[in-house]
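Thanks, everyone. Please bring up the structure.

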Amino acid sequence: MSTLLFERSLPRFAAARVVSSFGSGRGAGVGPLRLIERDAPALPAANWVHVDPILSGICGSDLATLDGRSSRYFEDIVSFPFVPGHEVVGTLTEDALGAEGAVLASGSRVVLQPVLGCAARGIEPMCPACKAGDVGNCGYIAFGHIRPGLQTGFCADTGGGWSTSGLVAHSSQLYAVPDTLSDADAVTVEPVACAVHAVLGAPIAEGDVVAVIGAGTLGLLVTAALSHLAGAGRCAGPTAVLVGARYAHQQRLARELGATEALPSDQLGRAVRRHSRSLSYGAASGVAATLSGGADVVFDCVGSPESIAQSLAMVRPRGTVALVGMPGKVTVDLAPLWHREVRLAGAYAYGTERSAALGADDGISTFALALDVASALQTGQLVSATYPLARFEDAVAHAGAAGRRGAVKIAFDIRKGPIR
């Protein structure tokens, strides 16, 4: 059985970092990732089941790891060697209980909620976050009867989606895929859930101006989630959703997914200024101009020093910047955050969403909402190409250069040999 395994190797990690400086994804061949033959992992405990992946996406966090640029913050909450792949649609090898309490038949399709929280780890009593249904904030991700790992795809005991031998998943991680969803739609459900969680966690009010920086997978899905949830009355509706996108195909997709305007990244500040009726000042030496007012909420879907600085320049005083893209160690001038009393908030993973608009006293699973968004907007359209595991170097390089090459999401097709 073919498996892509990521091992702890400082020399290979350093080599990948050097090569990736010439372009994200180019260091896969010299880094710690290698293709091996390996059997499926054993079931850790009761209520675990084997899942055979169909498609598994390549995420920005995967690229950061393969490029040797992931934050050292993660060192104590991953375990080696691990099989990457946390964006997964697959089939069950036996009957299993799903996260929503229904029995899922053997052979049925599921998507994986990859966070390895207290339920998966067999920890009782659960941490306060898991007890409240907020599994993304689990405090015990380095403990329990499996080794450390914030998610499937970063844990040595669970396997991951980048393998023909399959992975193991706890019943709390399994969500049934409706027949109306294609495999391509289903493999986007995990990043859609990240986008839904970010949107519902932001303090958006009716009539707000919202800006989205970046139009890769996350930026486009934040745009899609905001459009669908607002249209369905599940969150407040902004008066404008403005998206900064580097490439023409990203601008087109952003508009199709609900953006009011989608324009080149360097023009986003002007659009925010116009819609918020703000004045601007500064902009010396290439620094983004600061707006007197600005967007009420900015979703930073990049997480770079430049994008964070741009976010702080275009958000209004006492506005919110939501970091959806994964930042690492960055150098950013936080004077505007202090001076303008801006709220800088992370938006990670998923769990249970709660608001009066959602209409459920005990909240709604982020994944249930994500399945609805993926179905309504056919988010599988963002899957630009699929590769067999044997061509992992090509796949990772394509993912790293997706925007420049006119693509969005790249995935492994675990069932097929040739590229589609």
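Start with the open sheet. This is a predicted model, and in it 6 strands line up as E12-E11-E10-E15-E16-E17. The pairing is parallel.

Which strands stand at the edges? They are E12, residues 261-263, and E17, residues 343-346. Each has a single partner strand, so one side of each is left without a neighbour in the sheet. On average, neighbouring strands are turned by 15 degrees against each other, direction ignored.

E12 pairs with E11, residues 240-244, in the parallel sense. That pairing runs over 3 bridges. Leu 242 has Glu 261 of E12 as its bridge partner.

Next, the helices on this sheet. H9 covers residues 268-276. H9 lies across E10, E11, E12 and E15. Against E11, H9 runs at about 165 degrees. Then H10, residues 305-314. H10 lies across E10, E15 and E16. Its angle to E16 is about 150 degrees.

On to the cores. In soluble globular proteins, nonpolar side chains tend to be buried together. Here, the largest nonpolar core has 98 residues. Which members touch the most others? Ile 58, Val 111, Trp 162, Phe 299 and Phe 412. Which helix gives the most to this core? That is H6, residues 189-201, with 9 residues.

Methods:
Residues numbered from 1 in each chain as written. Predicted model: local features only at pLDDT ≥ 70, side-chain atom pairs only at ≥ 80, totals over all residues. Heavy atoms only, no water. Core = buried A, V, L, I, M, F, W, Y, C linked by side-chain atoms within 4.5 Å. Buried < 20%, exposed > 50% of the residue type's maximum accessible area, 1.4 Å probe, protein only. Helix = DSSP H or I, 4+ residues; strand = E, 2+ residues; numbered from the N terminus. Pairing = 2+ DSSP bridges. Axes fitted to C-alpha atoms, helices over the stretch in contact; angles between N-to-C directions. Contact = heavy atoms within 4.5 Å.
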